[in-house]
Amino acid sequence: MRTFRFFAALMMAVVCVSLSSCSKDDDEKLGSTDDLVGKWELTWTKGWEIDSDGTKDEWDEAESGQLFIFKNDGTGYETWNDVDKYPYTWKLNGNKLTLTYDGYEDAYQVETLNKSTLKMTISDDDESDTSTYKKVAN
């Protein structure tokens, strides 16, 4: 009986240690606003949309040319191949990134943010896009 109690206590200790170390995984994937500041280039997009006939159209493709520029003062702009610039203000609150373009808001769910990678998803009822960006300049 003593052996059973010893092993039961040992198993409980292992479970407690294992569970307490799991909570850090998500925190390591999300950096700070300092990591966000810089120039980010689109490398990959994956998503879906509902077509006019009601079918779900999915895609998964490499893209380039789209840039997001985030400045320290909470402003920035989006551009495609540096042709047109679409200015915005930005706010990062936890894993929610909000971009406001002339009164219009886009809310992104940030999945990964570190010094070199930004992965975020934007969704509504009819469409969802998950895009991955690489940092090309600070």
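Q: Why is Asp35 called buried?
A: Asp35 has a relative accessible area of 12%, and buried means under 20%, with exposed over 50% and partly exposed in between (1.4 Å probe, protein chains only), so Asp35 counts as buried. The model is predicted, so that local features need pLDDT of at least 70 and side-chain atom pairs pLDDT 80 or more, whereas totals for chains, interfaces and linings use all residues. Residues are numbered from 1 along each chain as its sequence is written, and side-chain values use heavy atoms, leaving out hydrogens and water.

Q: What makes the pair Asp35 and Lys115 a salt bridge?
A: The closest N and O atoms of Asp35 and Lys115 are 3.2 Å apart, and the term asks for a side-chain nitrogen of Lys or Arg within 4 Å of a carboxyl oxygen of Asp or Glu, so the pair qualifies. The bridge links distant parts of the chain, with Asp35 in helix H3 (residues 33–36) and Lys115 in the loop between E7 and E8, 80 residues apart; helices (H or I, at least four residues) and strands (E, at least two) are DSSP runs, numbered from the N terminus. A search of the whole structure finds 1 salt bridge.

Q: Is Lys115 buried or exposed, and how do you know?
A: Lys115 has a relative accessible area of 64% and is therefore exposed, while its partner in the salt bridge, Asp35, is buried.

Q: How do you know that Lys135 has no salt bridge?
A: The nearest side chain of opposite charge to Lys135, which is buried in this model, is that of Asp35, 5.8 Å away, and this lies beyond the salt-bridge cut-off already given. Lys135, placed in strand E9 (residues 127–137), does have a polar side-chain atom 2.8 Å from the backbone oxygen of Val37. Beyond its neighbours within four places in sequence, the contacts of Lys135 (heavy atoms within 4.5 Å) include Asp34, Asp35, Val37 and Lys115.

Q: What makes Asp102 exposed?
A: Asp102 has 82% relative accessibility and therefore counts as exposed. This residue is found in the loop between E6 and E7, and Asp102 has a positive phi of about 45° although it is not a glycine.

Q: Which residues touch the most other members of the largest nonpolar core?
A: Among them are Leu36, Phe68, Phe70 and Trp90, in a core of 18 residues; such a core is a set of buried Ala, Val, Leu, Ile, Met, Phe, Trp, Tyr and Cys residues joined through side-chain atoms within 4.5 Å.

Technical notes
Lys and Arg count as positive and Asp and Glu as negative; His and the chain ends are not counted. A polar contact is a pair of N or O atoms within 3.5 Å; within protein, one must be able to donate a hydrogen and the other to accept it, and residues adjacent in sequence count only if both atoms are side-chain atoms.
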